[in-house]
Amino acid sequence: MDEAQIYARLSEIFQDVFDEDHIEVTPELSAKDVDGWDSLTHIRLILTIEKAFGVKFSTSEIGKLENVGALVSLIKSRV
Amino acid sequence: MNSLETELQWLPRAPLDYSARLRAVGNLDDQQLGRTLQALAHYALDVNQLTKLAKLCTKARSEGKSFAPLTPFRLAVLSNSTIDLIVPALVASALRHGIDLEVIQPSYDQVAQEALTPDSTVNRARPDGVLFALDYRALPLKLSLGDAEASSATVEGALGYLQALRQGIKNNCNAVCIFQSFVPPVERLFGSLDRALPGTLRNLIDHINSELAGLVLAEGDVLLDVAGIAETVGSATWHDPKLWNMAKFSFSDQLIPLYADHVARTVAAIRGKSRKVLILDLDNTVWGGVIGDDGLEGINIAQGDARGEAHLAVQRLALDLRQRGIVLAVSSKNTDSIAREPFEKHPEMLLKLDHIAVFQANWNDKATNIKAIAEELSLGLDAMVFLDDNPVERGLVRKLLPQVAVPELPEEPAYYARTLAAAGYFEAVAFASEDLKRAGFYQDNAKRANLQKQVGGVDAYLASLDMTITFQPFDATGRARIVQLINKSNQYNLTTHRYTDPEVAAAENDSSVFTLQVRLADMFGDNGMISVVICRPSDPGVWEIDTWLMSCRVLGRKVEHMVLREILEHARAAGVKKLAGTYKPTDRNKLVVDHYAKLGFAKVAEEESGVTHWELLVEGADIESAPMEVVSHGFFEENSIA
């Protein structure tokens with residue numbers, strides 16, 4: 001799976017989790033940019049991503065994620 | 001992982017455009033909103049979809065929109081874990097079961113404070129029910145390996161804590177208490193010995209669960225068997241230590257939809273909304289093969305044959321359900337005589353014609369047949385479950401009769417019975433001895449109807465029934481059935497006031513409230529409790545009839561006349577001058593719109609909503625009697641004060 005495919009899939013997931021059609025998923029995007037991206041929604045987002053890509057992240061990996069770019073690198077290293 | 005349970009496979013998959021369908025709800029008016037939301041919940045939804053559906057509900061509620069005809073229920077959830085993802089799932093899953101659920105969620109891990117403080121968030125909200133969503137980490141559990149005495153002290157301590165919580169809620173807001181059984185952790189200390197040895201975590205939790213179940217039954221509380229759910233899906237699937245460490249989730253996020261559905265069916269059962277009738281297709285559902293093509297010798301229901309045993313398992317489950325009071329019916333596309341043949345002649349059939357209350361075998365479409373079955377049984381479509389192996393028939397019934405529950409079935413018939421059971425359509429929170437007889441009542445009714453045709457005049461027919469009517473005030477023995485009738489009766493119900501077990505107990509113990517439980521027996525057998533009345537003193541000398549309901553099984557027997565005569569007798573003895581009655585229309589109780597008029601009450605007011613108010617002067621009221629023997633006992637007139 002290349003980066004473009006991961007971004008495309010992530011766009012769908014973000015729309016689903018945040019119930020918002022117009023989120024543009026860029027590498028720089030982070031929690032402060034999105035309404036409703038609080039700690040619980042973050043967990044719901046991570047759990048949805050884990051399920052969608054069939055991967056599991058460790059708690060320390062989840063803690064270190066700073067933006068979507070970091071998330072994509074992490075997914076890329078697993079799938 | 002067991003996908004039947006974890007993926008709610010009895011429900012159809014959500015359509016691809018599900019999000020778009022949710023967005024379309026925004027423009028609906030009040031008339032369609034409740035049913036539309038309910039229909040949107042009738043899919044197997046994941047946490048994100050449940051969250052979105054719940055968001056719609058929250059928005060509609062904040063705009064003051066009506067969710068009618070869904071039944072409102074206010075549930076407080078007390079938990080030692082993070083329930084923020086669970087709460088929206090509860091709201092959305094409740095829609096599936098016809099409940100408009102409002103959740104009261106106090107701050108994280110404030111269980112004891114909320115239960116015990118009279119003016120806590122929960123107690124001030126006066127919820128209908130309180131769910132103690134506790135897991136084993138909430139209990140004061142101390143290992144005492146091999147020490148039986150210390151171990152039972154720990155068990156008693158844990159139960160004492162739960163009972164203190166219960167007492168707090170009972171004293172402060174008197175809501176129905178829902179307790180969860182506890183899922184033991186996966187990690188063993190010794191191994192298999194953990195279950196046997198006193199004082200291990202496993203052994204302590206086993207004992208707590210077993211004693212908790214006994215207490216719940218004895219106190220009239222409700223048990224949500226979470227340990228049973230975890231057992232079914234596997235406790236290693238249930239417990240996820242990563243999620244606990246990271247966010248204090250007490251179980252895997254994958255199981256939230258399943259857990260939420262179990263909570264929702266329990267709440268629906270408290271409100272009497274469990275289903276009552278199982279309608280069976282025949283060919284390839286009750287037996288393998290097509291009777292019209294394969295003939296009596298060709299159909300497959302043999303013991304020792306894999307296919308045959310799968311269908312026998314469906315029959316066995318249907319029979320067991322019938323034994324606990326679920327009514328069985330048949331809807332089959334067949335010639336009637338051919339469809340009946342296996343029931344009459346096949347030696348391996350477990351189901352007999354005697355077990356089937358309504359048998360519809362013809363060439364009409366199944367929606368028409370199911371409507372006919374509902375009418376014949378005087379029950380609503382939302383009391384029906386329809387089991388059919390054919391996806392086309394299932395789709396047709398879902399489309400034309402969305403209130404009927406239609407489980408998806410897998411290809412393999414061996415899983416039919418398990419799928420039907422997993423769907424939880426017949427969830428019950430209590431069991432009254434009347435339930436054992438109920439399926440038979442409906443059949444006796446069919447016989448009575450036949451007799452009516454033979455004897456001609458109604459009065460002669462009524463006299464020939466040899467009826468005995470028994471009046472008693474509410475008591476502890478009858479309470480489970482009284483609560484059941486109050487929550488289940490829709491049609492012959494003047495006000496449709498719903499009361500929980502504690503509320504009925506309160507009426508029972510309040511000497512100013514006049515209560516009646518009514519039983520009726522006849523030549524065919526005992527109908528059990530068939531009517532309930534609650535009168536409360538309003539103005540001096542006036543009894544307001546708060547509740548008057550009757551089972552539709554005994555329609556047309558002049559039971560209501562006899563009930564009124566009984567009320568009048570007690571009213572006179574208590575010095576009451578006037579009875580005041582109210583008819584509150586719902587979409588189900590048109591049957592009783594003229595109830596008070598027929599009994600000689602005078603209409604005193606009519607509201608725009610259709611609510612009508614009626615009065616009857618006790619002095620001089622002369623109500624026609626019906627041919628039945630009257631037994632009245634257990635009343636203490638000196639306590640009644642007008």
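Trainee: What percentage of the 79 residues of chain A count as buried?
Mentor: This is a predicted model, so every value is computed from it. A residue is called buried if 20 or more other C-beta atoms lie within 10 Å of its own. Of the 79 residues of chain A, the share that counts as buried is 16%.

Trainee: How many helices and strands are there in chain A, and what pattern does the chain follow along the sequence?
Mentor: Chain A has four helices and zero strands. Read along the sequence, the pattern is therefore α-α-α-α.

Trainee: What is the radius of gyration of chain A, and how does it stand against the globule rule?
Mentor: The C-alpha trace of chain A spans about 30 × 25 × 20 Å along its principal axes. For 79 residues the globule rule gives 12 Å, and the chain comes close to that, so it is as compact as a globular protein of that length. The radius of gyration of chain A is 11 Å.

Trainee: On which side or sides of H11(B) do its buried residues lie?
Mentor: In helix H11 (residues 226–233) of chain B, the buried residues are B:Val226, B:Ala227, B:Ile229, B:Ala230 and B:Val233. Because they cover an arc of only 160 degrees around the axis, they lie on the same side of H11(B). An α-helix has 3.6 residues a turn, so residues three or four places apart point the same way. The answer is the same side of H11(B).

Trainee: Which residue follows H11(B) with a positive phi?
Mentor: Its phi is near 100 degrees. The residue is B:Gly234.

Trainee: How many residues of domain 1 of chain B are in contact with domain 3 of chain B?
Mentor: The domain assignment gives domain 1 as 13–270 and domain 3 as 454–639 in chain B. Their C-alpha centres lie 37 Å apart. Domain 3 of chain B contributes four residues to the contact, and domain 1 of chain B contributes six.

Trainee: How far apart are the end C-alpha atoms of helix H23 of chain B?
Mentor: Helix H23 (residues 476–488) of chain B has 13 residues. At 1.5 Å a residue they should span 18 Å, which agrees with the end C-alpha distance of 19 Å.

Methods. Residues are numbered from 1 along each chain as its sequence is written. Chains are lettered from A and ligands numbered from 1 in the order in which they are written. This is a predicted model: local features need pLDDT of at least 70, side-chain atom pairs count only at pLDDT 80 or more; totals for chains, interfaces and linings use all residues. A residue is buried if 20 or more other C-beta atoms lie within 10 Å of its own, exposed if 12 or fewer, and partly exposed in between; C-beta atoms are placed from the backbone. Helices (H or I, at least four residues) and strands (E, at least two) are DSSP runs, numbered from the N terminus. The arc is that of the directions from the helix axis to the C-beta atoms. Domain bounds come from an automatic or database domain assignment. Two residues are in contact if their C-beta atoms, placed from the backbone, lie within 7 Å. The expected span of a helix is 1.5 Å times one less than its number of residues. The radius of gyration is taken over C-alpha atoms; the globule rule is 2.2 Å times the number of residues to the power 0.38.
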